[in-house]
Amino acid sequence: MLKKFIIVVFLCLIFPGVLFAQKGEVLGKGKNRLHNGDFEENILQPWKLEVRQDMGAAAEVEIDKSTAASGKKSAKVTVTVPTGTAWHVKLRQDDRCFEKGEKYTVIFWTRAEKPRNVEVSFQLQHDPWTVFLSQKFPVDKEWQEYSVTLMPNVDNFQDHWLAFHVADSDIPIWFDNVRYFLGEPKDEEGAMPKQAVDPKSKLAITWGKIRQE
Ligand SMILES: [Ca+2]
């Protein structure tokens, strides 16, 4: 018993992610509903990389210490075999929450080895895989900040994911400083100081159509 306890404590010290809940919570305005959005720990969880090998895709993800929009690390996704269909590889965080009729904002930083696109998606994490919102953004070689604002017309408790779809290109892409909160960009609590370039293309969209994928 003591041995088991020591092992658990040891794991918690090595992997701080073990210490906090990984599922999204219903939090007040401006409070971040994502975990590990800055990729500063040497773990990816609760993010995961979904690779649809059955569709021919191949990809890998790593915590990259060589570039960051904030802190010292970011997440690098390399699609080694693209399929032309972005959602065949997705960096996603499951079990998020939103409430009907409220405004939500996701802010993230991204850059790529060469110009390419990325698709941001909010999707029901089981059949019928309802896409609550999906939006494509152009990504450049320099770090840039993007924001997406949505207003869902349904409640969702720990039953959708936020995902970045990248299988349409084999150009490596990095993500950093991802946040998801109730409110508009101005409502964010604890916003981190920007140490990268000023956002060149801060894009905002509003709630779009619900479609099936
Ligand atoms: Ca970081």
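**Loops, strands and burial**

Modeller: Phe39 is buried, because 27 other C-beta atoms lie within 10 Å. Please keep in mind that this is a predicted model.

Colleague: Where does Phe39 lie, and what is its phi?

Modeller: Phe39 belongs to the loop between H1 and E1. Most residues other than glycine have a negative phi. Phe39 is not a glycine, and yet its phi is positive, at about 55°.

Colleague: Which residue is joined to Pro46 by a cis peptide bond?

Modeller: Pro46 has its place in the loop between helix H1 (2-14) and E1. Most peptide bonds are trans. Here the bond is cis, with omega about 5°, and the residue that it joins to Pro46 is Gln45.

Colleague: And which residue is joined to Pro128 by a cis peptide bond?

Modeller: Pro128 is placed in the loop between strand E6 (116-124) and E7. The cis bond there has an omega of about 15°, and the partner of Pro128 in that bond is Asp127.

Colleague: Which strands are at the edges of the open sheet?

Modeller: The open sheet has 5 strands in the order E1-E4-E9-E6-E7, with antiparallel pairing. The edge strands each pair on one side only, and they are strand E1 (47-51) and strand E7 (131-139).

Colleague: Is Asp95 buried, exposed or partly exposed?

Modeller: Asp95 is found in strand E4, and its phi is positive, near 65°, although the residue is not a glycine. A residue counts as buried with 20 or more other C-beta atoms within 10 Å and as exposed with 12 or fewer. Asp95 has 18 other C-beta atoms within 10 Å, and therefore it is partly exposed.

Colleague: Which residue in E10 is the bridge partner of Lys76?

Modeller: Strand E2 (residues 58-64) pairs with strand E3 (residues 74-81) in the antiparallel sense over 7 bridges, and Val61 has Val77 in E3 as its bridge partner. E3 is also joined by 3 bridges to strand E10 (residues 173-182), again antiparallel. In E10, the partner of Lys76 is Trp174.

Colleague: How far apart in space are Trp109 and Ser74?

Modeller: Trp109 sits in strand E5 (residues 104-112) and is buried, because 24 other C-beta atoms lie within 10 Å. Trp109 and Ser74 are 35 residues apart in sequence, while their C-alpha to C-alpha distance is 9.6 Å.

Key. Residues numbered from 1 in each chain as written. Predicted model: local features only at pLDDT ≥ 70, side-chain atom pairs only at ≥ 80, totals over all residues. Pairing = 2+ DSSP bridges. Helix = DSSP H or I, 4+ residues; strand = E, 2+ residues; numbered from the N terminus.
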